[in-house]
Structures are given as C-alpha cells and as structure tokens.
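Open the model in your viewer and keep the selection tool ready. Each stop says what to select and what is there.

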Amino acid sequence: LSRAEMAAMVDRAFGTYVEGDISRFTDVPEDAWYKDEIAMACHMGTYEGTGKSTMSPENTITRQEVLTILARALQLDAGDYEDASLSQFRDRSEVSAWALPYVRAMVGADYIHGNEKRELAPQAHITRAEFAQIFHNIIQDYILTPGTYGEDYDGNLLIRADGVTLRDLTVDGDLIIGCGAADGAVTLDGVTGTGRVVVWGGGTGAVWMNGGTDVADLIVCR
C-alpha cells in the first residue's frame with residue numbers, strides 16, 4: 001500500500017472533497033492520478049508531508065504512518081492518551097518519536113491490539129488486507145444516503161451524506177459526520193451517544209442537539 005493509495009482510501013471513506021494547497025510539494029506531479037487525493041488529504045489534515053517540500057506519495061506506507069493518519073482522521077486527542085501503556089508490545093521502542101503520541105492514542109482507544117507476536121511492527125509496511133481489518137475495527141456502520149434512521153447502532157457510525165436524520169436511537173460508540181455531509185444538514189433528534197460526535201461536514205443548517213440529544217463530547221473539525 002503506497003502513501004498515495006492510503007490517502008485515496010481515507011479520502012473516499014470520509015467523503016473528502018475540498019483540496020488544499022500542495023504547491024510546496026515538489027514530488028507530486030500535476031498529472032499524477034493521486035494529485036487531487038493528496039490535496040484533499042492535506043486539506044483534511046491527515047497528511048502533512050514527509051519533509052518541507054516532499055510528500056513521498058509513491059513510497060510504501062508503514063504501519064506507524066497509517067496509525068498517525070487514522071488518529072488524525074478520528075481526531076483523537078494525544079493528550080487524552082498520553083498515559084496509555086505500550087508495555088504489552090515487545091517492539092514498542094521501535095516506534096518513532098513523531099508517531100508515538102498517535103500510536104498511544106490508537107492503542108488507548110482500543111483500535112490496535114498488535115499481532116500474534118505481541119508486536120506493533122511500526123516500521124513494517126502494511127498490506128491492503130491489514131488496513132481493511134484496522135478500518136473495520138474502527139468503523140462498524142456507515143450511512144451513505146439521505147433519509148431518517150431510527151435503529152440503534154452498536155459501534156462507531158460514519159455518516160457520509162447530507163439530509164440525514166437520526167431519531168430516537170442510541171449510538172454505542174463514536175458518531176462521525178464525514179466530509180461527505182458537505183454543507184448540508186445532519187439532524188440528531190433524541191439521539192443518545194456513548195462516545196464522541198466528530199464533525200467534519202455539515203453546514204450552519206445542521207441541528208446537533210435537538211429533542212434531548214445527549215452525547216459524551218462534541219468535536220468540530222472544520
């Protein structure tokens with residue numbers, strides 16, 4: 001899995017559509033298939049480059065890079081997990097200093113459990129299958145089309161469309177309003193959430209706390 005392919009996967013999962021300025025990166029050609037994907041990842045803040053003027057889009061991505069990108073996409077506050085222990089992992093010393101806060105956050109949030117050898121393998125390259133499993137551990141359900149939904153959700157829920165109403169239900173996990181909600185409305189009417197509401201999309205017409213909606217924390221990313 002390359003860094004460019006990873007950017008495309010996360011962009012598409014969250015419905016990212018706004019591009020950032022990537023003119024400083026000299027290794028992202030104008031005609032590359034991934035140029036727009038990298039630009040959107042930079043706007044979202046999941047990608048920051050591998051140097052002042054490099055993005056290394058065609059480099060094979062490492063596991064610690066993947067965990068960093070996902071922690072940013074999920075808006076995990078490193079400060080909330082600074083005491084998360086990595087002592088159960090034999091190779092914890094191999095985690096780079098820049099990635100350590102993000103790796104701690106992903107472990108502390110119970111998204112990463114290591115392999116059968118009790119290793120994080122932070123410097124190892126990751127396969128598509130491994131990434132698919134990690135993402136499955138994080139997001140259990142998606143809402144991709146407008147409409148009114150009234151069934152409970154067990155696990156994290158990602159909404160990737162506008163015109164969505166959640167009514168009289170419980171989300172047992174985080175509720176993520178993806179970039180795909182754009183500037184439209186996502187209405188939470190009588191919703192109980194055991195986790196956070198992470199808002200990437202949704203405009204001024206969105207209603208967050210209607211009808212006695214009660215969530216643990218609200219994080220607005222844009």
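Predicted model: local features only at pLDDT ≥ 70, side-chain atom pairs only at ≥ 80, totals over all residues.

Residues are numbered from 1 along each chain as its sequence is written, and side-chain values use heavy atoms, with hydrogens and water left out.

**Whole protein.** Show it as a cartoon: five helices and ten strands. Both are DSSP runs numbered from the N terminus: helices are H or I, at least four residues, and strands are E, at least two. Along the principal axes, the C-alpha atoms fill a box of roughly 50 × 45 × 30 Å.

**Charges.** Select Lys and Arg as positive, Asp and Glu as negative; His and the chain ends are not counted. There are 17 positive and 34 negative side chains, with the centres of the two sets 7 Å apart. Place each charge at NZ of Lys, CZ of Arg, CG of Asp or CD of Glu.

**Largest nonpolar core.** Select M6, F14, I38, Y47, L70, M106 and F131; of the 50 residues in this core, these touch the most other members. Two or more residues come from each of α1 (3–14), α2 (35–44), α3 (63–73), α4 (100–108) and α5 (128–138). A nonpolar core is a set of buried Ala, Val, Leu, Ile, Met, Phe, Trp, Tyr and Cys residues joined through side-chain atoms within 4.5 Å.

How values were computed:
Buried < 20%, exposed > 50% of the residue type's maximum accessible area, 1.4 Å probe, protein only.
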